[in-house]
Amino acid sequence: MSRFPPIDPADRTPEQVTMAERATTGGPFEMYQRSPELWTRLQPVRQLLAERFTLRQREIAVLAVAAHWRAGAAIASHSRIAQQAGLDDGVVDAILAGDDPVLPDDERLLLACTRSLLSAGRLSDALFVAAQARYGAQLLVDLTGLVGFYTGLSLVLNVGEDDAGPVSA
């Protein structure tokens with residue numbers, strides 16, 4: 001349940017009307033309705049990240065990010081997308097639980113990089129060397145950007161959820 005009630009269409013600003021015409025409902029939509037300019041400026045980044053990764057790669061990373069931040073809405077929606085991308089329930093469940101699912105080597109490396117970025121804010125030398133060799137510099141930087149983008153999205157969702165689970169202070 002959202003801490004923010006939906007904005008009545010009659011009360012929307014022109015920017016909110018434009019956003020509503022372009023965006024889907026649910027997920028982060030209600031939160032970003034409070035800042036349509038931020039939403040609008042983030043869309044080219046979202047599109048770039050969608051182009052850089054396969055759907056399967058992207059969903060592996062997004063699930064790890066959503067699980068790390070306990071972003072319930074992102075977990076729910078991206079679990080469905082991950083299944084559409086060909087990840088079976090066992091893989092999705094393992095990613096969400098923080099376990100190591102059975103994945104091809106390149107996807108296991110992507111998951112390890114994502115989790116390292118989330119837990120340590122960096123990659124070890126060994127992980128950096130392996131990722132650079134496998135993905136190249138551009139995709140490694142793009143993965144870092146993806147983790148940052150979905151971290152921001154998860155935090156926005158968590159601020160707006162009143163049932164996101166126990167949190168401290």
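User: Buried means under 20% relative accessible area, exposed over 50%, and partly exposed in between (1.4 Å probe, protein chains only). Where does Phe 128 fall, by relative accessible area?

Analyst: Phe 128 is partly exposed, at 40%. This is a predicted model, where local features need pLDDT of at least 70 and side-chain atom pairs count only at pLDDT 80 or more, while totals for chains, interfaces and linings use all residues. Residues are numbered from 1 along each chain as its sequence is written, and side-chain values use heavy atoms, with hydrogens and water left out.

User: Which helix does Phe 128 lie in, and what does Phe 128 touch?

Analyst: Phe 128 is in helix H8; helices are DSSP runs (H or I, at least four residues) numbered from the N terminus, and strands are E runs of at least two. Leaving out residues up to four places away in sequence, Phe 128 touches Leu 123 and Leu 140, where contact means heavy atoms within 4.5 Å.

User: How far apart are Phe 128 and Arg 108?

Analyst: They are 20 residues apart in sequence and 14 Å apart in space, C-alpha to C-alpha.

User: Staying with H8, at what angle do H3 and H8 cross?

Analyst: Roughly 130°, with the axes of H3 (residues 36-52) and H8 (residues 125-160) coming within 10 Å. Axes are lines fitted to C-alpha atoms, for helices over the stretch in contact, and angles run from 0 to 180 degrees between N-to-C directions. H3 is therefore oblique to H8: under 35 degrees counts as roughly parallel, over 145 as roughly antiparallel, 65 to 115 as roughly perpendicular and the rest as oblique.

User: Left-handed or right-handed?

Analyst: The H3 and H8 crossing is left-handed, that is, the near helix is turned anticlockwise from the far one by less than a right angle; clockwise would be right-handed.

User: Which residues of H3 and H8 make the contact?

Analyst: H3 supplies Leu 42, Val 45, Arg 46, Leu 49 and Arg 52, and H8 supplies Gln 138, Leu 139, Asp 142, Gly 145, Leu 146, Phe 149 and Tyr 150. They divide into 7 nonpolar, 2 polar and 3 charged. Nonpolar is Ala, Val, Leu, Ile, Met, Phe, Trp, Tyr, Cys and Pro; charged is Asp, Glu, Lys and Arg; polar is the others, Gly among them.

User: Switching to H4. How many of its residues are buried?

Analyst: 11 of 14, so H4 is largely enclosed by the rest of the structure. The buried ones include Ile 60, Val 62, Leu 63 and Val 65, but also Gln 57, Arg 58 and Glu 59.

User: What covers the buried residues of H4?

Analyst: The cover includes H3, H5 (72-84), H6 (89-97), H7 (105-120) and H8.

User: How do the axes of H4 and H7 cross?

Analyst: At roughly 30°, coming within 9 Å, and H4 and H7 are therefore roughly parallel. Their crossing is right-handed. Among the H4 residues that meet H7 are Arg 56, Ala 64 and His 68; among those on the H7 side are Asp 106, Leu 110 and Leu 118.
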